Amino acid sequence: MAAPDFDVAIVGAGPAGSTTALSLLRELPALAGRVVVLERARFPREKPCAGALGARGDALLAELGVRVDVPGAPIDGIALRAACGEASASPGRVGRVVRRFEFDAALARTAVSRGVTLREGVRVEGVRDEGAEGVLVETGAGPVRARVVVGCDGVGSVVRKALGLGAGRLRAQVVEVDTEPVAGDLARSMLVFDASDRSLAGYAWDFPTVVEGRPLVCRGVYRLKVDGDADDSGEDVARRLDARLRGQGLDPARCKNKRYAERGFDPAARVARGPLMLAGEAAGIDPVTGEGIAQAIEYGVLAGRFLAGRLERAPAGRLEVEDWQGALSRSRLARDLRIRGAFVRLFYGPERAEVERLLVESPDALLVGCQHFAAQPYDWLTVAEVVARGAARLAAVRLAAALRR
Ligand SMILES: Cc1cc2nc3c(=O)[nH]c(=O)nc-3n(C[C@H](O)[C@H](O)[C@H](O)COP(=O)(O)OP(=O)(O)OC[C@H]3O[C@@H](n4cnc5c(N)ncnc54)[C@H](O)[C@@H]3O)c2cc1C
């Protein structure tokens with residue numbers, strides 16, 4: 001029987017992978033040298049992402065004693081453009097915009113400094129559960145054997161495929177470019193979400209960014225593909241971004257936009273089987289906005305703690321991690337993602353106009369969103385008022401529709 005090379009193999013060194021490793025070693029320092037992260041790229045590497053990181057993500061890293069010091073643009077609030085008007089909330093520092101090129105490399109370096117083995121330029125091609133012998137991870141650089149494998153390999157996850165799962169029910173097409181600022185831009189410290197085009201199940205964004213010291217603006221379009229939506233090509237989002245750039249006085253031909261995918265969290269989907277488990281976008285992130293960095297970090301913190309507990313109880317032999325499904329499901333992260341999932345129908349469904357009106361007329365709702373993004377304490381009275389106002393408005397609209405019939 002071949003002894004496993006590692007206790008834990010983590011596939012992917014994005015925020016989910018590096019945080020899982022950091023969290024695991026924080027709980028069980030004796031695992032130094034027994035945790036490997038397999039990353040197909042070499043750092044620093046590009047990761048398509050607008051880079052808006054809520055202070056919630058940094059607060060979670062701080063719990064692990066980690067501070068990722070990279071250049072960035074501060075975020076002080078959120079602005080929403082809707083078909084019926086505009087609203088904003090700017091309660092002060094709620095996060096920062098980072099470049100993933102720098103952020104992910106720095107986070108991975110921190111993990112290495114704490115005893116994680118990072119193998120860069122190693123693409124995982126397949127994962128096979130070999131029973132008592134552990135999991136065989138097939139890579140372009142030869143096999144790796146581990147007791148448990150955590151799939152933190154993002155939207156195209158190979159580990160997810162090994163679990164026999166499809167791409168997921170809630171997927172999004174995204175396109176983005178970095179451009180110079182234009183006269184119509186709001187204050188640089190605001191994240192701007194433009195949902196004024198109701199034919200788009202999604203929004204366009206303008207986020208501040210700093211690229212090699214230059215203050216630029218990351219502009220993009222997010223489009224959620226809801227069930228039955230057949231357009232997988234991403235051409236629609238690219239066309240919409242071109243039109244928007246033209247409207248902003250920018251020349252789309254000068255901006256090479258690229259299309260990407262994102263996966264929303266589906267509470268009914270499996271995230272573990274035998275010795276395999278998923279975290280981060282491999283499992284699923286916020287489907288409403290596509291926010292995923294802080295979520296990936298939170299997945300990592302949870303996955304590391306979960307695994308530490310399991311490894312402590314079973315220091316050798318086969319390790320099954322199917323109870324990750326329940327542990328995740330009971331977590332604050334899963335509750336948050338379930339709530340966001342429920343908002344998909346509200347934001348992008350037939351009652352969208354009402355929801356927009358509510359957001360525009362009571363900016364307190366955006367304030368609550370900012371507080372959540374930043375992990376600031378809620379003013380529960382404000383939250384209760386926002387929920388009560390929303391529920392009353394929707395109930396009235398539904399009643400009026402029923403009476404009309
Ligand atoms: C255009 C765009 C804009 C976005 N903007 C934002 C934003 O502003 N704010 C926000 O919060 N979220 C944003 N997101 C979402 C966010 O980028 C992701 O949700 C987040 O990166 C997920 O982190 P992760 O660690 O789970 O996966 P990833 O960051 O995708 O990391 C996965 C890692 O796995 C590696 N990998 C993949 N396959 C293999 C393999 N077979 N073998 C070895 N390694 C592998 C990859 O190279 C990568 O390093 C955006 C996404 C896109 C596409």
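Of the 38 residues around the ligand, G12, G14, G154, G280 and G292 come nearest. A residue counts as near a molecule if its C-beta atom, placed from the backbone, lies within 6 Å of it. This is a predicted model: local features need pLDDT of at least 70, side-chain atom pairs need pLDDT 80 or more, and totals for chains, interfaces and linings use all residues. Residue numbers start from 1 along each chain as its sequence is written.

**Around the ligand**

- Two or more shell residues come from each of α1 (15–27), β2 (35–39), β12 (171–179), β16 (258–263) and α6 (293–313). Helices (H or I, at least four residues) and strands (E, at least two) are DSSP runs, numbered from the N terminus.
- The shell holds 19 nonpolar, 10 polar and 9 charged residues. Ala, Val, Leu, Ile, Met, Phe, Trp, Tyr, Cys and Pro count as nonpolar, Asp, Glu, Lys and Arg as charged, and the others, Gly among them, as polar.
- Domain 1 and domain 2 each give at least three residues to this shell.

**Domains**

- The chain splits into domain 1 (6–75 + 99–168 + 265–335), domain 2 (171–263) and domain 3 (345–404). These bounds come from an automatic or database domain assignment.
- Between the C-alpha centres of domain 1 and domain 3 there are 34 Å.
- In the contact of these two domains, 5 residues of domain 1 meet 4 residues of domain 3. Contact means that the C-beta atoms of two residues, placed from the backbone, lie within 7 Å.
- Helix α2 (residues 55–63) supplies 3 residues, the largest share of the domain 1 side.
- That side of domain 1 has 3 nonpolar, 1 polar and 1 charged residue.

**The open sheet**

- Seven strands form an open sheet with mixed pairing, in the order β6-β5-β13-β14-β15-β12-β16. Two strands pair if DSSP finds at least two bridges between them.
- At the edges are β6 (85–89) and β16, and each pairs on one side only.
- On average, neighbouring strands are turned by 25° against each other, direction ignored. Axes are lines fitted to C-alpha atoms, for helices over the stretch in contact, and angles run from 0 to 180 degrees between N-to-C directions.
- Strand β5 (residues 77–82) runs antiparallel to β6, with 5 bridges between them. L80 has A87 in β6 as its bridge partner.
- Helix α5 (residues 235–247) packs on the sheet and touches β12, β14 (202–211), β15 (214–225) and β16. Its direction makes about 140° with that of β15.

**A hairpin**

- Strands β9 (residues 124–129) and β10 (residues 135–139) run antiparallel and share 5 bridges.
- V124 stands opposite T139 in β10.
- The hairpin has 5 residues between its strands, and G131 takes a positive phi near 60°.
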